[in-house]
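Let's look together at how two protein chains meet. Keep the picture open while you read, and try to find each place as it comes up.

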2 protein chains.
Amino acid sequence: MMKIKKRPLYLVTDALNYSETAFLKRIDAACQGGVDLVQLREKELTSLQYFQRAYAVKQITDKYQVPLLIDDRLDIAQAVKAAGVHLGQKDIPVEVARRILGPDAIIGATAKTLKQARLAAEEGADYLGVGAIFPTTTHVETVRTSVDTLRTIKQAVNIPVYAIGGLNAANVDAVQPAKVDGVAVVSAIMKARDPLTAAQQLRQQIISVTQ
Amino acid sequence: MMKIKKRPLYLVTDALNYSETAFLKRIDAACQGGVDLVQLREKELTSLQYFQRAYAVKQITDKYQVPLLIDDRLDIAQAVKAAGVHLGQKDIPVEVARRILGPDAIIGATAKTLKQARLAAEEGADYLGVGAIFPTTTHVETVRTSVDTLRTIKQAVNIPVYAIGGLNAANVDAVQPAKVDGVAVVSAIMKARDPLTAAQQLRQQIISVTQ
């Protein structure tokens, strides 16, 4: 159940318009800056491209001993021996994924409501990503989740809960009342001028608001 | 190596604009008509939708004891316990898929050239789909393969070879010189007025041109 312990800063990637090299350099810098968990999230790639990119990212996360999760695709996760997957509400159900990936894989799930959170936890999710707390530019379709709901979810489940959605240095303090286990960010690191420093500073800030 | 024996008529699905019910009825009718192998091919669905549709199709193919293959997605194949996958040139490589799915899974590969065919066979593909022999309306991007190349490939590999691409009752005789093991069709069944009869007649015709 508690595979993810004390991993406050969770980076969810977005390749944006970076070149492959620039993208990988950012992941490397972010890991060096202290990112505790990385999720590779790709929506537009062919399976071959997703596999190749995941393989390249895995070399980096391995170097820093940071667990790598793959968004949506169990097969890509298996192909690169990633630590696990992150599953949204439009992906393969958590219990089906658990049957395929086995007990050791990390399986995370997106939950926007208490009902979704309880179901994911019952089905065997290892953590929840809850949001979007603030509007985000990296997801086209954004359903908002309030800090109140975030707190309710945190109190209702016994697996780690991550706040996600538009969170950055300027607004992350807002999640403090929910006493979540960590914060997941995309733009705050992927668009930062200096991703290493951004990760370092965000991590300190997140530790202070999650303790 | 020879997991696929004497399965001349291979149906590759296209849901077109059918309702879910109408689509499934067509698969059922096609299986009843004698289809020997079914590949579920979806490009636009979410993972959850692909999984749900694959699950529904699996109930039908099981009823007729027809092996079901899933296009591209190893995880969907595992989730519904399909017989295997079909991999295009933009999908996870055959050798990686073999490592994940194990020796018993059927892994098919698309080959448009002799080079691709040899590589796929070396990597452990169980059969090849070679084409497009004729122009097709179900693939946006169509690279043509001649009957000459089809014959060269068939002579070069020791796994079953299927001709694919715009093949139907009116033109399937054209592949006869290549002495392939079977023919894969999409529109000839998915768009047929009567898919059961279409499958029956096509199968007889394919047997006569592949022997």
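Across the interface of chain A and chain B, twelve residue pairs are in polar contact, both residues at pLDDT 80 or more. A polar contact is a pair of N or O atoms within 3.5 Å; within protein, one must be able to donate a hydrogen and the other to accept it, and residues adjacent in sequence count only if both atoms are side-chain atoms.

This is a predicted model, where local features need pLDDT of at least 70, side-chain atom pairs count only at pLDDT 80 or more, and totals for chains, interfaces and linings use all residues. Residues are numbered from 1 along each chain as its sequence is written, chains are lettered from A and ligands numbered from 1 in the order in which they are written, and side-chain values use heavy atoms, leaving out hydrogens and water.

Which elements of chain A give two or more residues to the side that touches chain B? Here they are, as DSSP runs (helices: H or I, at least four residues; strands: E, at least two; numbered from the N terminus):

| Element of chain A | Residues |
|---|---|
| α2 | 47-63 |
| α3 | 74-79 |
| α4 | 94-101 |

With five residues, α3(A) gives the most to this side.

The interface also holds two salt bridges, a salt bridge being a side-chain nitrogen of Lys or Arg within 4 Å of a carboxyl oxygen of Asp or Glu. Asp72(A) forms a salt bridge with Arg73(B), with their closest N and O atoms 3.9 Å apart.
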